[in-house]
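Here's a quick briefing on side-chain contacts, grouped by topic.

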Amino acid sequence: MRKRERKSEVKSRAAEPSHMFTRCRVIGCDRPARAGTDDGLDTRFCRQHSDHYSRHGSPYKRSYSARELAPYRKAAMAWLEAHAGDQWVRNAVDRVETLYRAAGQHVEAFRLRGLSPQERAQAAWARLRKAKIDSGRVVAAWLAVEMAIAADPQADRKPEYKRVQAAKLVHKMASGTHRRWESGPGGAQELHVYPRSRGRVLRHIGEDIEEATALLVEHAVLPAMPISNRQTGDHQ
């Protein structure tokens, strides 16, 4: 009941635009913030930049592509393997393993509806555990993003952007539920469901990874790599 009342209240507030929020905060954007329209409660950004912020962790800078991050992920994995005996590497790997163990029961991707962002983040860790994703790959994802941002001349260096970038990498490692039925009307049937990679779920996952790798990042000297084939015009 309380959840329905809260949803109704938010919907009602969103339908009453406030004229205090007449301009999106992204430089060069002349659209009103969503709170200045009947399209939401965001007091900072217009619909376009609000959606971009939700997906990428920045209202104007896009996410790094898989191709752009590939050399950093490869370098990070090689570095971790070369320093496998280091106490800070072991600490980070163990902390990710703890996230796996503490995630609770595995939840199929098509059963996530109605769960809170925190619960969805926990479900993501449980999917990674079930898929037996090497915890070192999770640590490498964070290190790869650290390296990419360090090499990017136009990086968004806010913590939230880094968290979202790492979370998107990890989320994709075991992001979906796949089912196949060999018999039935019309022959074999398949089901493929992928959770959405955006919003507060990514923030929770990113915070978990950041905390797990914090001591390693504090003590490690990561290899420096020049960024290549990078498009720098990221304002949208």
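Glu 146 has a relative accessible area of 16%, so it counts as buried (under 20% relative accessible area; exposed is over 50% and partly exposed is in between, with a 1.4 Å probe and protein chains only). Keep in mind that this is a predicted model, where local features need pLDDT of at least 70, side-chain atom pairs count only at pLDDT 80 or more, and totals for chains, interfaces and linings use all residues. Residues are numbered from 1 along each chain as its sequence is written, and side-chain values use heavy atoms, with hydrogens and water left out.

**Salt bridges**

- The structure has five salt bridges, each being a side-chain nitrogen of Lys or Arg within 4 Å of a carboxyl oxygen of Asp or Glu.
- One of them joins Glu 146 to Lys 162, at 3.4 Å from N to O.
- That pair links distant parts of the chain, with Glu 146 in helix H6 (residues 135–151) and Lys 162 in helix H7, 16 residues apart; helices here are DSSP runs (H or I, at least four residues), numbered from the N terminus.
- Lys 162 comes in at 19% relative accessibility, so this residue is buried too.
- Arg 163 bridges to Glu 210, with the closest N and O atoms 2.7 Å apart.
- Since Glu 210 sits in helix H8 (residues 199–219) and Arg 163 in helix H7, the pair ties together parts that are 47 residues apart in sequence.
- Both ends are partly exposed: Glu 210 has a relative accessible area of 25%, and Arg 163 has 22%.
- Arg 62 and Glu 68 make another bridge, their closest N and O atoms being 3.0 Å apart, and both residues are buried.

**Aromatic pairs**

- Searching the whole structure turns up three aromatic pairs, meaning rings of Phe, Tyr and Trp (its six-membered ring) with centres within 6.5 Å; planes under 30 degrees apart are stacked, over 60 edge-to-face, and the rest tilted.
- Tyr 64 and Tyr 161 are edge-to-face because their planes sit at 70°, with ring centres 6.0 Å apart.
- Tyr 64 is in the loop between helix H2 (47–56) and helix H3 (66–82), while Tyr 161 is in helix H7 (residues 159–173), 97 residues apart.
- Both of these tyrosines, Tyr 64 and Tyr 161, are buried.
- Tyr 100 and Trp 125 make a tilted pair, 6.2 Å centre to centre with 50° between the planes.
- Tyr 100 and Trp 125 are both buried.

**Charge over a ring**

- Arg 203 lies over the face of Tyr 53, 4.9 Å from the ring centre (the cut-offs: NZ of Lys or CZ of Arg within 6 Å of the ring centre and within 35 degrees of the ring normal).

How values were computed
Helix = DSSP H or I, 4+ residues; strand = E, 2+ residues; numbered from the N terminus.
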